[in-house]
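I opened the notebook to record what I looked up in this structure. The entries follow in the order I made them.

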Amino acid sequence: TLCFKPNILVVGPIGGENHREITFPIQSPNPAQDKGTFYIKYPIYVGGNRGRGQVNPNGEKTNNTIYTSSSAGKVQTVVKGEKGNYVVNIKTDSDVTAQSIPAGLEVSVRPGDFVKVDQPLTYDPNVGGFGQNETEIVLQNPNRVVGLIAFFFTVVMSQTFFVLKKKQFEKVQAAEMNF
């Protein structure tokens, strides 16, 4: 999921194992159009949460969280589906409940195990956690950049001419010493 709103960027949920770094573009403001914007440094604060019990926008758990038992009883079967998902059947005192586990998770229970309510049925898949970073973006006027390049060019050219003039002066002095 990728959501853009003014000054807000929401990305995710995404798997933390494959996305250790994420890159996204930022459009800089134009001071020529917005008089409230100036050519200065702007701080940017970025935070990200990978893995810690994420929830999809529809409210269902992602495969970055631990799945727990919804009822207490004995695990009858653990059936692997065609797409890599699992169905864990738990026999309670009165009936059998089926619990679906999405693909990508490793089941920690086996047939014959006794489980309690809210006991983990999968291993903890967390590979991430919360991370944050702070940096600055310098909004530069393009005319200032062109002026800076022109200044550097003139400094390099003047230094070159100074070196050539010094070499010419040294040749004149060497010629005068030979007479």
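This is a predicted model: local features need pLDDT of at least 70, side-chain atom pairs count only at pLDDT 80 or more; totals for chains, interfaces and linings use all residues.

Entry 1. I looked up a nonpolar patch on the surface and found Leu148, Phe151, Phe152 and Val155. Together these residues have about 380 Å² of accessible area. I then placed Phe151, which lies in helix H1, residues 142–178.

Entry 2. I turned to the sheet. Strands of a sheet pair through backbone hydrogen bonds, either parallel or antiparallel. Here I found an open sheet of four strands in the order S6-S5-S4-S7, with antiparallel pairing. S6 and S7 (114–115) are the edge strands, as each pairs on one side only.

Entry 3. I followed S4 (residues 73–80) to S5 (residues 86–91) and found six bridges in the antiparallel sense. Thr77 has Asn89 in S5 as its bridge partner. Five residues lie between S4 and S5, which form a hairpin. In that turn, I noted that Gly84 has a positive phi of about 95 degrees.

Entry 4. I went on from S5 to S6 (residues 96–101), where six bridges again pair the strands in the antiparallel sense. Val87 has Ser100 in S6 as its bridge partner. This hairpin has four residues between its strands.

Entry 5. Which strand does S4 join through two bridges? I found that it is S7, and that the two run antiparallel. Opposite Lys74 I found Phe114 in S7.

How values were computed
Residues are numbered from 1 along each chain as its sequence is written. Side-chain values use heavy atoms; hydrogens and water are left out. Two strands pair if DSSP finds at least two bridges between them. Patches are made of residues with over 30% relative accessible area and no salt bridge: like charges are joined within 9 Å, nonpolar side chains (Val, Leu, Ile, Met, Phe, Trp, Tyr) within 5 Å. Accessible areas come from the Shrake-Rupley method with a 1.4 Å probe; for residues, only the protein chains shown count as cover. A salt bridge is a side-chain nitrogen of Lys or Arg within 4 Å of a carboxyl oxygen of Asp or Glu.
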